[in-house]
Amino acid sequence: MLASSNIHAVTGELDLTGSSVGFFALAIFVLAYALVMAEEKLHMRKSKPVLVAAGIIWGLIGWVYVQSGLPDDAEHAFHATLLEFSELMLFLLVAMTYINAMEERRVFDALRSWMVRKGFSYRTLFWITGVLAFCISPIADNLTTALLMCAVITKVAEGDKRFINLACINIVVAANAGGAFSPFGDITTLMVWQAGLIHFQEFFSLLIPAVVNFLVPAVVMSLAIRNRVPDSQEDNVDLKRGARRIILLFLLTVATAVACHSLLHLPPVLGMMTGLGYLQFFGFYLRRSLPRSLDRKRTHYTQRGDWKRLEQLGSVVPFDVFNRVARAEWDTLLFFYGVVMCVGGLGFMGYLGLLSDIMYTQWDATWANIALGLISAVVDNIPVMFAVLTMEPEMSHGHWLLITLTAGVGGSLLSIGSAAGVALMGQARGYYTFFGHLRWAPIIAVGYAASVATHLWINQASFVTP
């Protein structure tokens with residue numbers, strides 16, 4: 001989320017790409033990512049290896065730059081990389097807090113109950129959550145949308161590991177595809193927009209390719225779903241007091257973030273943190289008004305003779321925003337810290353610039369952008385896009401749209417390739433896994449290729465260099 005004026009600070013004064021220190025840092029990063037991919041087998045949280053790797057890589061950088069008499073350069077680069085992560089972390093933390101608040105207010109329980117009462121089959125639920133993920137992610141960003149839809153799926157199909165895995169894969173693909181045609185749908189699209197390379201309305205030329213990217217794997221995966229109805233559950237679920245108002249506050253928070261960037265040209269995280277303040281004020285109101293609310297409900301349930309609900313009032317716990325903050329997926333946030341700092345360190349050593357230079361000078365820009373989309377499934381799309389923006393190669397408008405598309409949807413190939421996938425591995429732990437996603441990577445790759453071909457076809461006029 002760095003402004004375009006900060007983009008060129010990624011590469012250091014010293015080229016360490018051919019040094020023993022650089023090779024050792026690369027080996028550490030590869031080892032750390034191997035441990036992340038083996039999380040399902042090792043039962044070790046994914047944040048641990050990348051946190052240690054980040055410390056080692058930046059320790060190596062600091063040692064080399066101190067020896068060379070340039071300690072300030074390394075410190076400045078670390079602060080710039082840390083700022084990039086900080087904005088991302090605070091943005092995600094607010095989104096996760098709102099999701100947890102809606103969970104506590106039983107919003108997803110109520111939605112689950114409604115879906116079960118409607119008698120939707122698993123196949124219908126698969127399509128409903130996929131389409132919603134695609135439509136909501138351009139507004140609420142792909143990570144927030146994926147968390148929201150995953151919460152619904154795990155509630156509706158509780159215990160059905162096979163269906164939850166397929167539905168989560170579909171949600172990740174749909175959320176990433178939906179986020180690719182909006183400046184607010186993904187961090188990478190926001191970076192491209194902030195750099196001034198693509199105007200707001202021009203992102204929508206990626207709508208049809210994004211739809212293709214979502215539909216191709218979704219159609220195939222839906223055929224593997226047993227078309228049965230989830231087991232019927234208990235009676236209607238009552239929303240807790242303030243649930244609907246928290247949903248409105250979340251929408252207001254998103255609108256505030258959009259307005260901060262569009263109207264004030266300030267980072268969207270400012271709007272998100274302001275939105276956390278909205279939730280804190282509302283939480284204060286809920287706590288202060290709780291005794292009066294309980295008195296009214298006791299009188300109402302006593303008059304109706306509803307002794308079951310009257311008894312439940314004794315277990316009501318006041319709403320606490322900081323409990324919702326504490327329940328955020330901290331392993332995911334710390335994993336992001338490790339990834340951003342690791343790749344930022346490798347970029348400072350010169351590796352990302354070297355990779356981009358090779359791809360854009362020795363390869364055709366079309367194949368380079370397609371390959372970088374595939375690489376983003378492993379390395380994460382944020383540093384990949386950051387590297388491209390750093391080099392700012394001479395490309396046509398169509399090629400800038402292409403890298404925006406491929407960096408946005410390429411991460412769907414692996415569960416660790418996007419913020420949405422990483423978050424869902426934490427939220428649906430044991431149901432949605434790295435290897436469960438990997439089994440469907442070939443058909444997701446077909447959707448990736450189809451979306452690229454669609455863009456090259458319908459937007460061919462934009463590839464003409466002026």
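Which residue forms a salt bridge with Arg 105, and how many Å apart are the closest N and O atoms? The partner is Glu 104, with the closest N and O atoms 2.6 Å apart. The views below come from a predicted model, in which local features need pLDDT of at least 70 and side-chain atom pairs count only at pLDDT 80 or more, while totals for chains, interfaces and linings use all residues. Residues are numbered from 1 along each chain as its sequence is written, and side-chain values use heavy atoms, with hydrogens and water left out.

**Figure 1. Salt bridges of Glu 104 with Arg 105 and Lys 240.** A salt bridge is a side-chain nitrogen of Lys or Arg within 4 Å of a carboxyl oxygen of Asp or Glu; a search of the whole structure finds three. Besides its bridge to Arg 105, Glu 104 meets the side chain of Lys 240 at 3.3 Å, N to O. This second pair links distant parts of the chain, 136 residues apart: Glu 104 belongs to helix H4 (residues 71–104), and Lys 240 to the loop between helix H10 (207–222) and helix H11 (243–262). Helices (H or I, at least four residues) are DSSP runs, numbered from the N terminus. Relative accessible area (1.4 Å probe, protein chains only) defines buried as under 20%, exposed as over 50% and partly exposed as in between. Glu 104 is buried at 15%, and Arg 105 is buried at 7%. Lys 240, at 34%, is partly exposed.

**Figure 2. The salt bridge between Asp 160 and Arg 226.** The closest N and O atoms of this pair are 3.9 Å apart. Asp 160 lies in the loop between helix H7 (142–156) and helix H8 (161–179), and Arg 226 in the loop between H10 and H11, so the bridge ties together parts that are 66 residues apart in sequence. Asp 160 is buried, with a relative accessible area of 10%, whereas Arg 226 is partly exposed at 48%. Salt bridges that share partners also join Glu 104, Arg 105 and Lys 240 into one network.

**Figure 3. Two of the aromatic pairs.** The structure holds 14 aromatic pairs. Rings of Phe, Tyr and Trp (its six-membered ring) pair if their centres lie within 6.5 Å; planes under 30 degrees apart count as stacked, over 60 as edge-to-face and the rest as tilted. Phe 134 and Phe 181 form a tilted pair, 5.7 Å centre to centre with 35 degrees between the planes. Phe 134 is in helix H6 (residues 122–140) and Phe 181 in the loop between H8 and helix H9 (187–194), 47 residues apart. Phe 134 is buried at 9% relative accessible area, and Phe 181 is buried at 9%. Phe 434 and Phe 435 form an edge-to-face pair, 5.2 Å centre to centre with 90 degrees between the planes. Here Phe 434 is buried at 9%, and Phe 435 is partly exposed at 31%.

**Figure 4. An aromatic cluster that includes Phe 134 and Phe 181.** Phe 126, Trp 127, Phe 204 and Phe 214 also belong to this one cluster.

**Figure 5. The contact of helix H16 with helix H17.** The axes of H16 (residues 351–362) and H17 (residues 365–379) come within 8 Å and cross at roughly 145 degrees. Axes are lines fitted to C-alpha atoms over the stretch in contact, and angles run from 0 to 180 degrees between N-to-C directions. Contact (heavy atoms within 4.5 Å) involves Leu 355, Met 359 and Tyr 360 of H16, and residues of H17 including Ala 368, Leu 372 and Ile 375.

Conventions: Helices (H or I, at least four residues) and strands (E, at least two) are DSSP runs, numbered from the N terminus.
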